[in-house]
Amino acid sequence: MTAHQVRTLNALGLLGCCAILIVAFGYQFRLGELPCPLCLLQRSAFAAAGIGFALSVRFGPRTSHYGVVILSAVTGAGISARQVALHVVPGTGGYGSTLFGLHFYTLALIAFAAMIVGVGVLLLGNGAADRVSQDRVEEVGAFGTACLLLFLSVILANAVSTVAECGAGLCPDDPSRYEALDDWLARFRSR
């Protein structure tokens, strides 16, 4: 693989992380499904994996960047597997809506596993990561820049949403409202 191809694959990986977070964010606002604490941790793992891809897009692929992606995906897979285990017992029901007949935590587990396999393939890709680190760093390009800006926007929106839901304290197990935002608005109205 050429350096440009590897960088494009990293941008696609970053775009995939963005797409997952955007879909979850869309369900949150369109259907009013607030994320539970485990869902928020899974979103954080996707964001952390996205940081590894973003580093490879911005500075060129390096094995350390892929290490960030793999560790984030392994952590996210563990969190997703925990949530799957909580809801796999007959009669417990699932949490939240489904997409393609699967709950989001199940899809997250599949996505984290695919991410680990994909990064493994990139690491085996003829040592392109090692060659790029020795060569001059090429320009990010319009596609890479667009992916980076989208990623920053999605991460910022999710951070604001999480603070509005949980504030500085623990998030509720079964959230029904944006507690911190509602409390702030109630204090503002009482003045």
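Student: Where is the place of phenylalanine 100?

Tutor: The model is a predicted one. Strand E1 covers 98-99 and strand E2 covers 102-103.

Student: Is phenylalanine 100 buried or exposed?

Tutor: A residue counts as exposed when its relative accessible area is over 50%. Phenylalanine 100 has a relative accessible area of 75%, so the label is exposed.

Student: What is phi of phenylalanine 100?

Tutor: Most residues other than glycine have a negative phi. Phenylalanine 100 is a residue other than glycine with a positive value. Its phi is near 60°.

Student: Which elements does the chain have, and in what order do they run from the N terminus on?

Tutor: The chain has 7 helices and 2 strands. Read from the N terminus on, the order is α-α-α-β-β-α-α-α-α.

Student: What box do the C-alpha atoms of the chain fill, and what percentage of its residues count as buried?

Tutor: Taken along the principal axes, the box filled by the C-alpha atoms is roughly 60 × 50 × 25 Å. The chain has 191 residues. The share that counts as buried is 36%.

Student: How many aromatic pairs are there, and what is the geometry of phenylalanine 25 with phenylalanine 29?

Tutor: The search of the whole structure finds 5 aromatic pairs. For phenylalanine 25 and phenylalanine 29, the ring centres are 4.9 Å apart and the planes stand at 80°. Planes over 60 degrees apart count as edge-to-face. The pair is therefore edge-to-face.

Student: Which helix holds phenylalanine 25 and phenylalanine 29, and which residues do ring pairs link into a cluster?

Tutor: Both phenylalanine 25 and phenylalanine 29 lie in helix H1, residues 3-30, at a separation of 4 residues, about one turn of the helix. Ring pairs link them with a tyrosine into a cluster. The cluster is Phe25, Phe29 and Tyr178.

Student: What kind of aromatic pair do tryptophan 184 and phenylalanine 188 form?

Tutor: Tryptophan 184 and phenylalanine 188 are 4 residues apart in helix H7 (residues 179-189), so about one helical turn separates them. The rings lie 5.7 Å apart, centre to centre, with 15° between the planes. Planes under 30 degrees apart count as stacked. The pair is stacked.

Student: What lies over the face of tyrosine 27, and at what distance from the ring centre?

Tutor: The residue over the face of tyrosine 27 is arginine 30. Its distance from the ring centre is 5.4 Å.

Student: Which element supplies the largest share of the lining of the largest pocket?

Tutor: About 450 Å³ of space lies in the largest pocket, and 24 residues line it. The largest share is 7 residues, and it comes from H1.

Student: Which residues lie nearest the centre of the largest pocket, and how do the lining residues divide?

Tutor: Nearest the centre lie Ile20, Ala24, Phe104, Tyr105 and Ala108. By class, the lining residues divide into 18 nonpolar, 4 polar and 2 charged.

Student: Which side chain does glutamine 83 make a polar contact with?

Tutor: Glutamine 83 is in helix H3, residues 63-87. Its relative accessibility is 1%, so the residue counts as buried. Its side chain makes a polar contact of 2.6 Å with the side chain of glutamine 42.

Student: Which side chain does a polar contact join to that of asparagine 158?

Tutor: Asparagine 158 has its place in helix H6, residues 141-166. At 8% relative accessibility, asparagine 158 counts as buried. The contact is 3.0 Å, and the partner is arginine 43.

Definitions and conventions:
Residues numbered from 1 in each chain as written. Predicted model: local features only at pLDDT ≥ 70, side-chain atom pairs only at ≥ 80, totals over all residues. Heavy atoms only, no water. Phe/Tyr/Trp six-rings, centres within 6.5 Å; stacked < 30°, edge-to-face > 60°. Lys NZ or Arg CZ within 6 Å of the ring centre and 35° of its normal. Buried < 20%, exposed > 50% of the residue type's maximum accessible area, 1.4 Å probe, protein only. 1 Å grid on protein atoms, 1.4 Å probe; cavity = no way out; pocket = protein on both sides within 12 Å on 5 of 7 lines; lining within 4 Å. Points joined across faces, edges and corners; volume = space filled by probe spheres on them. Nonpolar A, V, L, I, M, F, W, Y, C, P; charged D, E, K, R; others polar. Polar contact = N/O pair within 3.5 Å; in protein donor to acceptor, adjacent residues only side chain to side chain.
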